[in-house]
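Colleague: I would like to learn how to read charge pairs and helix geometry from coordinates. Could you take me through an example?

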Amino acid sequence: MKRIATLLATVGLVAACSSGAGASPATPQAASNAPAASASTAASGSTAAGSASAAASGSASGSAAASSTASGNVNLLVGIAEDPAIEKQLNAQVEDFNSTHPNIHVTRESLDNDQLRTIIQTRLSSGSVDIFSYDTGPGFGGVLAKAGLLADMTPAYQKYGWPIFDWAKARCTYSGVLSCVPGQVEELGIYYNKDLFDQNGLQPPKTLDEFNTLSNTLKSKGITPLAFGDQPKWPAGHQFSMTLSNIVGREGLDARLYGDKPWNDADTVKAIDVYFKQFKDAGFFPKDPNAVTYEDASALFYAGKAAMDPTGTWLVSEITNKAKFTPGFMPFPAINGTQIAQPAGLGGGMFVAKNAKNPDAAFEYLNWLLQPEQIRKYDLEQFNSIPAMKIDTTGVKVSPLFQQVLDDLAQSSGTTGTFGYNIDVLTPAAFNDQMGDGFQEVLSGKLTPQQQADKLQAAYQKAMAAGETIKKP
């Protein structure tokens, strides 16, 4: 229990050291990005973004005291959880609120995350949504803000006193307007089957050479090394984030995000080549990963047919529930002597629609989610998600896998330079589209790594000229 509290306090301290109170809202911070579903986080399947309580205040000073007379119906739209057990818990969370707030009724609607991304602007424009979960970052929440679809949440922050970390609020701020409640702190890495590793005398690899040797050993035994499925396109952005973060570190990523370095230099090409060409050519993935869904890839891992699953910490709860073996979690290995800069940061967030029919009731629901007792009950113990704030975790019980994730994050947050970024939550929509389409074409042999890097650079230059990229502080 003490280690959890230490982790949450450390993440907040590092963010504060990195950003400071007056940091630009668009500045990438230590631990300030993540599944953007990327999922994006909504796309990545971040269940805590669906619950939203992962962005709560530990002390919640003023939150509970800010009474409300709000009433009425609230329509909540979220991405569906991959694990039916978690989906059931999320529905139970809404029922819990409704049973204790007789003047407000929340109706939860969950959709496939890819479908949600397709219809979100239409639904917001129709006025049928009051509150919703979505990815943060300029390519996601920023697009909705630019379209005038998001409510200004500054008054709610002031009313309820939500003491969320400054760096996390920065990821929810677009053109100076605070527009969401941040989701969970996340990390990208590789889950592995400890039992399978032990049976074959294998250890988690620390270098790319060790990883290649291990993967060839697994392949020789008829086991798929990596459960990588890229049919929905967004998973490739996470793999690119892991390889590029390790090669160039956070400073190198900052240079690219601010336009000081191009996205088509030798280091970027190498990051693409290692994962999308070398691993593909070596047979480390399921056959034709472009045809394999994220869920089917995870199923290969759960069934023991794949030894490793490269994804994010939003999957901890599902893996704990579904894996019939002892799971572990490790970073992507160092690439030819490079550092390990594991991508970590913010997941999705909860937004209130600009034309919400019942905004006061929506904010009241958010405030309930942000109470410490709800965070401990749901986010930590049930959803295994890390809130973007300090919280007293006395008495909280977590699984061994979640404890390992917490320990890893605590170690990685020891200095401000150890985190990498989950790239897609910090980059504009056109760049993310090129990542999704282009990495599939590299996997299929239609593009070389250099050609994909050139297309990424062209997309970023165009977006920068249009003022769609984050600004240098």
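**Salt bridges and a helix**

Modeller: K277 and D281 form a salt bridge, with 2.9 Å between the closest N and O atoms. The model is a predicted one.

Colleague: How many residues apart are K277 and D281 in helix 12?

Modeller: Four; both belong to helix 12 (residues 266-282), so about one helical turn separates them. K277 is partly exposed because its relative accessibility is 36%, while D281, at 54%, counts as exposed.

Colleague: What is the general idea behind such pairs?

Modeller: Side chains of opposite charge can pair when their charged atoms come close. Searching the whole structure gives ten salt bridges. Another of them joins R123 and E109, at 2.9 Å from N to O. R123 sits in helix 5 (residues 113-126) and E109 in strand 2 (residues 104-111), so this pair ties together parts 14 residues apart in sequence. E109 is partly exposed, as its relative accessibility is 30%.

Colleague: Are R256 and D265 buried or exposed?

Modeller: Both are buried. Their side chains meet in a salt bridge with an N to O distance of 2.5 Å.

Colleague: Which residue caps the N-terminal end of helix 4?

Modeller: D83, through a side-chain oxygen 3.0 Å from the backbone nitrogen of A85. Within helix 4, the buried residues include I86, L90, V94 and F97, and also E87 and D96.

Note on methods
Residues numbered from 1 in each chain as written. Predicted model: local features only at pLDDT ≥ 70, side-chain atom pairs only at ≥ 80, totals over all residues. Heavy atoms only, no water. Buried < 20%, exposed > 50% of the residue type's maximum accessible area, 1.4 Å probe, protein only. Helix = DSSP H or I, 4+ residues; strand = E, 2+ residues; numbered from the N terminus. Polar contact = N/O pair within 3.5 Å; in protein donor to acceptor, adjacent residues only side chain to side chain. Salt bridge = Lys/Arg side-chain N within 4 Å of Asp/Glu carboxyl O.
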